[in-house]
Amino acid sequence: MATFANERELLAEVRDRLDGWLYRSRADAFSELFDGPDAKLSDEELQLLDRLDSRWSREHGQGLWDADEYAVVPTGTMDEESAPQVVCTTHPRLPEEGYPGVETLDAETRERLNDALWEYAERVVELTQQELDEFVWSVDVETWTE
């Protein structure tokens with residue numbers, strides 16, 4: 001069991017581990033939502049997102065699949081019953097226009113794809129929060145803030 005002198009040290013360790021948790025959570029969320037017979041999007045819709053992601057990555061340095069950003073925020077005083085929370089600070093989103101190499105998307109398709117991207121980012125939050133909670137409850141903090 002890891003031991004930390006205080007909650008500030010624990011929060012620093014949580015933030016250091018965030019990237020690893022996000023890596024796993026992104027892969028798991030993608031698999032849950034976009035693979036298999038119950039996938040949220042058709043193969044064609046997923047291929048369209050991948051094409052847009054690839055193009056925007058080449059042209060702007062960031063695509064759809066790396067546009068999501070996350071952070072860990074304390075929820076006030078941290079103690080044995082209160083863990084920091086994972087939040088999505090930037091959700092991936094298709095703009096209303098500007099689809100190079102692709103015909104303009106109709107509003108219904110764009111909304112459906114944006115809903116799927118939102119759900120993906122929120123599932124990443126849920127999975128990462130589970131990892132964070134497991135870690136926090138497995139450690140010992142010598143002096144919790146009263």
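A crossing of two helices is called left-handed if the near helix is turned anticlockwise from the far one by less than a right angle, and right-handed if clockwise. Keep that in mind, as it comes back below.

**Ground rules**

This is a predicted model, where local features need pLDDT of at least 70, side-chain atom pairs count only at pLDDT 80 or more, and totals for chains, interfaces and linings use all residues. Residues are numbered from 1 along each chain as its sequence is written, and side-chain values use heavy atoms, with hydrogens and water left out.

**The overall layout**

Let's start with the big picture. The protein has three helices and four strands, and along the sequence they come in the order β-α-α-β-β-α-β. Helices here are DSSP runs of H or I with at least four residues, strands are runs of E with at least two, and both are numbered from the N terminus. Of the 146 residues in the protein, 40% are buried. Buried stands for under 20% relative accessible area, exposed for over 50%, and partly exposed for anything in between (1.4 Å probe, protein chains only).

**Where α1 meets α3**

Now for the crossing. Helix α1 covers residues 7-34 and helix α3 covers residues 107-138; their axes come within 7 Å and cross at roughly 135 degrees. That makes α1 oblique to α3. For the angles, axes are lines fitted to C-alpha atoms, for helices over the stretch in contact, and the values run from 0 to 180 degrees between N-to-C directions. Under 35 degrees counts as roughly parallel, over 145 as roughly antiparallel, 65 to 115 as roughly perpendicular, and the rest as oblique.

Which hand does the crossing of α1 and α3 have? It is right-handed. The residues of this contact between α1 and α3 split into 16 nonpolar, two polar and nine charged. In that tally, Ala, Val, Leu, Ile, Met, Phe, Trp, Tyr, Cys and Pro are nonpolar, Asp, Glu, Lys and Arg are charged, and the others, Gly among them, are polar.

**Rings that pair up**

The structure holds six aromatic pairs. Rings of Phe, Tyr and Trp (its six-membered ring) pair if their centres lie within 6.5 Å; planes under 30 degrees apart are stacked, over 60 edge-to-face, and the rest tilted.

Take Trp 21 and Phe 135: their ring centres are 5.9 Å apart and their planes sit at 55 degrees, so this pair is tilted. It ties together distant parts of the chain, with Trp 21 in helix α1 and Phe 135 in helix α3, 114 residues apart. Buried or exposed: what is Trp 21? Trp 21 counts as buried, at 5% relative accessibility, and Phe 135 is buried too, at 9%.

Phe 34 and Tyr 120 make another tilted pair, since their ring centres are 6.2 Å apart and their planes are at 40 degrees. This pair also links distant parts of the chain: Phe 34 belongs to helix α1 and Tyr 120 to helix α3, 86 residues apart. Phe 34 is buried at 4% relative accessibility, and Tyr 120 is buried with a relative accessible area of 4%. Ring pairs also gather Phe 30, Phe 34, Trp 65 and Tyr 120 into a cluster.

**Charged partners**

A salt bridge here is a side-chain nitrogen of Lys or Arg within 4 Å of a carboxyl oxygen of Asp or Glu. How many salt bridges does that rule give? The count comes to eight, and the table shows some of them.

| Salt bridge | N to O distance |
|---|---|
| Arg 17 and Glu 13 | 2.7 Å |
| Lys 40 and Glu 119 | 3.4 Å |
| Arg 55 and Glu 59 | 2.6 Å |

Arg 17 and Glu 13 are four residues apart in helix α1, about one helical turn. Arg 17 is partly exposed at 36% relative accessibility, as is Glu 13 at 22%.

Lys 40 is partly exposed with a relative accessible area of 37%, and Glu 119 is partly exposed at 33%. Arg 112 lies in helix α3, and its C-alpha atom is separated by 9.3 Å from that of Lys 40, 72 residues apart along the chain.

In helix α2, Arg 55 and Glu 59 lie four residues apart, about one turn of the helix. Arg 55 is partly exposed at 28% relative accessibility, and Glu 59 is partly exposed at 40%. Finally, salt bridges that share partners join Glu 32, Arg 123 and Glu 126 into one network.
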